[in-house]
Amino acid sequence: MNVNFSGKLTQAINLQMPFVLFRKPNEEMIQLIVNDNSEENIFLIHSFDNETEKSISDKNPIQIHQDEFNFEFKLNLESGENFNPISEENYVELIQKTIDEIQTSETNKIVISRIKQIDNQCFNLFRSFKNLLETHPGALVYMWHNPGNETWIAATPELLLSKNENIVKTVSLAGTKLSETGWTSKEFNEQQIVTDYILENFSEMNEVELKGPETIQAGKFQHLKSYISGKIHSEFSLEDLLEKMHPTPAVCGLPKEKAFEFIVENEGYDRNFYAGYIGIETESSQEYFVNLRCAQFYQNKIWIYVGGGITAESNPQNEWNETELKSGTILNSLLK
């Protein structure tokens, strides 16, 4: 057991200090950031609607190998507000309304989402976090705890942007199916919409490269994924590119403004940090991930956020079924 890691985490919990635990995709080291307001080594969480951003910074972060991570602390969680999630019948109706909108307007794609609410049966967040680490090695897995405010957990497979020296990278990740089924034109079209959008935003870079799409595994699901990179010049602003990219067609739709308006007017709830982005900023690099496969934990309930991209070829019942399957990422991680 790493005594320093254990001591720092114990102190954060006992003193009710904001902290985050996270492991980057395809790595094995868990990092712990406990807020000291130093503005160094920043982990931030940014809302879907761009209205809210919160961050935790730590001048001296500490890490541990995930095989050594065996903690079962009990956290003080807030009580969740009263909320009635959308029913299957009403969600299917909303998807049909969305398809009708796409077929009769210039909108190509709209992402519709919902909350699946379950009772929190004294699930242990730390055991659930470790479970996500083991079952989703290719995802950014994090647990964010801001005492008196919010607690989130996720295993997100989607990179939004990364910058290292003069190289900027992203991925086009869209289209979802179970491993035993085949791809259809609906998924390929959905993924191409995202790819074209990114390439347009990368158009002013040098040496832009596109690789893919390829099929990648994420838990029980497969997605279509393309890799895009480019070299930047001295006047480049990562903040401007982030503003252009977020929210991408993978979580909003296209054209972005029209899809965003439809979502706000019709989904019937506030996405909050779901489909926003997670940022990891150090002196040498900046990485941002789309906040997917995530859940918000309360003392009495858990809100699991799920959604899917709707195009003219979508089937409403299939879209409900897909969100039910996607909720399994969190549901299957829950341990008492």
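The place of His246 is in the loop between α5 (238-245) and β13 (253-254). Helices (H or I, at least four residues) and strands (E, at least two) are DSSP runs, numbered from the N terminus. This is a predicted model: local features need pLDDT of at least 70, side-chain atom pairs count only at pLDDT 80 or more, and totals for chains, interfaces and linings use all residues. Residues are numbered from 1 along each chain as its sequence is written, and side-chain values use heavy atoms, with hydrogens and water left out.

Is His246 buried or exposed? His246 is buried, at a relative accessible area of 4%. Buried means under 20% relative accessible area, exposed over 50%, and partly exposed in between (1.4 Å probe, protein chains only). Beyond its neighbours within four places in sequence, His246 has contacts that include His46, Ser47, Phe48, Leu160 and Tyr277. Contact means heavy atoms within 4.5 Å.

## The chain as a whole

The secondary structure comes to eight helices and 17 strands. The radius of gyration is 20 Å, close to the 20 Å of the globule rule for 336 residues, so the chain is as compact as a globular protein of that length. That radius is taken over C-alpha atoms; the rule is 2.2 Å times the number of residues to the power 0.38. Along its principal axes, the C-alpha trace spans about 60 × 50 × 40 Å.

Of the 336 residues, 56% count as buried. Among contacts with a separation of 6 or more, 71% come from residues 24 or more positions apart.

## Asn120, in another loop

Asn120 lies in the loop between β6 (109-119) and α3 (125-135). Asn120 is buried, with a relative accessible area of 13%.

Which residue has its backbone nitrogen 3.1 Å from a polar atom of the Asn120 side chain? That residue is Phe123. A polar contact is a pair of N or O atoms within 3.5 Å; within protein, one must be able to donate a hydrogen and the other to accept it, and residues adjacent in sequence count only if both atoms are side-chain atoms. Not counting residues up to four places away in sequence, Asn120 touches Leu77, Phe297, Tyr298, Gln299, Asn300, Lys301 and Ile302.

## Phe221, in a strand

Phe221 belongs to strand β12 (residues 221-231). Phe221 is buried, at 3% relative accessible area. Its contacts, leaving aside neighbours within four places in sequence, include Thr176, Leu178, Ile216 and Leu325.

Glu106 is 115 residues from Phe221 along the chain, and their C-alpha atoms are separated by 30 Å.
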